[in-house]
Amino acid sequence: MPLEQAVGLATDIAILSLLALSAYLVLLVGRISFGQQAYFALGAYASGMASTLAGWALAPSLLLGAAVGAVASGLLAWPTLRLSGLNYAVATLALAEMMRIALMRLHFIREVDGYTVGPQGAEGFRDIRWLLENDVSPGAFLLLCLAVLAAALLVLAWLRPRRLGLALRQVGHDEVLAASQGLPVLRLQLLAVAAAGALAALGGGLYAHRATYIEPALFDPMLGVHAVGYALIGGLGTALGPLLGVMFDIGLLEATKVFAGWRMVVFGGLVALFLRFRPRGLLDEATVHRIGAAWRHFRRTS
Amino acid sequence: MLEFLQRTLDGWLEGSAYALVGLGLTLTFGTLRRLNLAYGATAMLAAYVGAWLYARQGLPAWGVALVVVGLAALIGLYVERLCFGAIGSGGSTQGHEGRGSATRVGGGFDGTEVVALASSFALWMQLEQLAVNLLPRHLNAFPDLAARTEWGFFGLYLRPDRLAVAALALLITLALTRWLMHTRGGLAWRAAATQRTAAGLVGIRVGQVQATAFLVACALSGVAAFAVLSLEGQITPMLGMWMLTKGLVAAMLGGLGSVRGVLLGGWLLGIVEAHAQAAFGAVGREFATYALLFLVLVASPAGRSGLLGRGGLRHAA
Amino acid sequence: MLQIEGLATAYGKIEALKGVDLSVQGGQVTCLLGPNGAGKTTLMMTVAGILKPKAGSIRFEGEELVGKSSADIVARGLALVPENRLVFPALTVRENLQAGAFRRRDRNAIRDDIDRMFVRFPRLKERVDQMAGTLSGGEQQMLAVARALMSRPRLLLMDEPSVGLAPLVVAEIFQIIRQLHSEGVSIFLVEQNAHMALKVAQQFYLMEQGRVTFSGTPGEMSSDDVIQRAYLGQRRAA
């Protein structure tokens, strides 16, 4: 595979992993969200508008996107978190579609440096050219994406053994039990959901600048359902799980182009089969625990 | 005023189609406590095969109908074996396996529920791509049974073919309700849905019962697909997603799992969409669909969702 | 009537039953005592056909039950009132009873039996069209017993029918057990409430950690030492 293609593929994997991670965060606290694609979209639009219309640098634009994602996700969590599991999932889908349709009405055009730029509703948002105008090479951008992903993973890894991380997992296992032990379930879920919104939005911002063109139709439910799928297949044991899910689909199947127009036929079948025998995903909690125990044993005896 | 009534009538007819589409989906949830994400794709693949046979082999319309319904059930068998049968369906199981759903009241997922969801999503992807590969063009011909005339009465117009679809939706709903509420077999379906262990204890063969219910639901998806497509005379790759979305919204409006509910939910959806379209255009109509769904979900009292939702004690009728 | 030999059932690697031997005589109330985790419910579920044993045999009136489905076992005249009642929450009281008679085809007799259940359990009659999930614990227990009786079992299995119920209701339950016994129904009872059980049962078994460790008459069970073990699973310090 030529280097350029490999770099592009790796970038796609990194960006999609952020979305999958955001789905994972919600799953961690025991909910399914089919709406993470909406925060991906919000991040894309917000950061795109900041860098093209307001002339912001990339980093602050991305952070703005993340903030928008977090706030939107947090606000919408208020009325929805009290819904039961499946109702919550469908509600997130409904909200996401509402947001996507609303984006079709977003017209905000300005003249910047002689160009007409800005989102034009259903026709999309062209010329998000910050990377091109600042001579950022694909390699450098890949490093940026990897850095963002790594940062997210490190934060999650750092949190994992700490009280917050444990509390989040406990909520995910059994809300009622966690509540009876005095954990502020709703607040913890809100936190996780807002963070998930931020993560998805970060991914969206990166995507927008990479693709230079976004439109509402891109952020349809399929994207969100895929994100959940990746997290479930990779396993909820660690934050690496969703990455594995993404790599399996995009990395293995897409890259090898072995199955051309039958990728989904193969992938879908494999996943269903896989889940039948390993319902908790590749890196489920039992496996992670065993790996951890083996590692500690290894450290002790060497 | 007449315009308003006409729009309501059109919406009701369209809504009946939504109800028909949602019947199988709600039945699956009512009897297995599972949402089958591969629902639309199942019907889509069956319909594509039907379309292929129609176009390449000249199969007549009634033959296509048989193929679509029968094949949908067959594909359902595949989906059931892979996603729902082996992994196990919902309804509480006795706690000594450690994971009874006794403690999960409001939010946490029972592990198998999530897996079945992911699994059915994977098969959705698979089946949909199989269908699209069969007939690569975007628009493909489907037996056209659309009526050429319109019936008029008191200044209102309606097409007899759409009325037939509405009648079909009503008929199937009544038949299913009768089955569920007044027959021994239906009792078994309802018993196995919420309490598998006890169902086994009274002698119900739970695995068989649930597989049968699932197959019936998938066959219904084929019926709905044929009905809707034959009125259009064409089939597109949007069918799978469309059926799942409309069916899910109609079912949730009426209370997921309730057969009577999906009829009411479909009617509500159709009528609201018709008026939203007139007021806000196509985009507004789409928005209204999801806004309505969201409102119903959020406004329902805790534990009861939809028009006929009866909370955790919901039974399939 | 019921002969269990060398029964072993496991959950994955956990061996819940390690070779159980016991027999239940017809026309008697036989009681199985034991501490939590001893495997009593596992035993009941295995006999009822919900769990599959990995070794051993269960003979009911000479016929081998191991390998049969729970549906077949009900058809042969065994019915289990499970731990935690497990009523069908979304079905009405009447429908729960109809479900109990699922393996029967004699419609008129089923209807008569339902009426008879309402005579025996008047509180159920008051709630005949109510959803079973809304009933109180005691009412659900009555319903679970009535449901099991609907299949006209020759041997009734009851798994901890008194657990979680108020003392008055517990007394009612044991009164019903006594009644059934006097009508000739054979009962195999799992209980934690040893004192009440002593008043109704003619044969006792004690189960600990997957095995039967004691069998005897009420008189033999009354010795403090044995009851201590049944409650706490430990020997009293000598």
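**Helix packing and a chain contact**

In chain B, α2(B) and α9(B) sit oblique to each other, oblique being what is left once angles under 35 degrees (roughly parallel), over 145 (roughly antiparallel) and 65 to 115 (roughly perpendicular) are taken out. This is a predicted model, with local features needing pLDDT of at least 70 and side-chain atom pairs counting only at pLDDT 80 or more, while totals for chains, interfaces and linings use all residues. Residues are numbered from 1 along each chain as its sequence is written, and chains are lettered from A in the order in which they are written.

**The helix pair in chain B**
- Helix α2 (residues 39–57) of chain B packs on helix α9 (residues 239–254) of chain B at about 140°, the axes being 7 Å apart.
- Here axes are lines fitted to C-alpha atoms over the stretch in contact, and angles run from 0 to 180 degrees between N-to-C directions.
- Among the residues that meet are Met44(B) and Ala47(B) from α2(B), plus Trp242(B) and Gly247(B) from α9(B); contact takes C-beta atoms, placed from the backbone, within 7 Å.

**Chain B against chain C**
- On the chain B side, 19 residues are in contact with 26 residues of chain C.
- α6(B) gives the most to that side of chain B, with five residues.

**Helix α1 of chain C**
- Helix α1 (residues 40–47) of chain C is largely enclosed by the rest of the structure, because eight of its eight residues are buried (20 or more other C-beta atoms within 10 Å of a residue's own, all placed from the backbone).
- Lys40(C) is one of those buried residues.
- Just past α1(C), Gly49(C) has a positive phi of about 90°.

Definitions and conventions:
Contact = placed C-beta atoms within 7 Å. Helix = DSSP H or I, 4+ residues; strand = E, 2+ residues; numbered from the N terminus. Buried ≥ 20, exposed ≤ 12 C-beta atoms within 10 Å, placed from the backbone.
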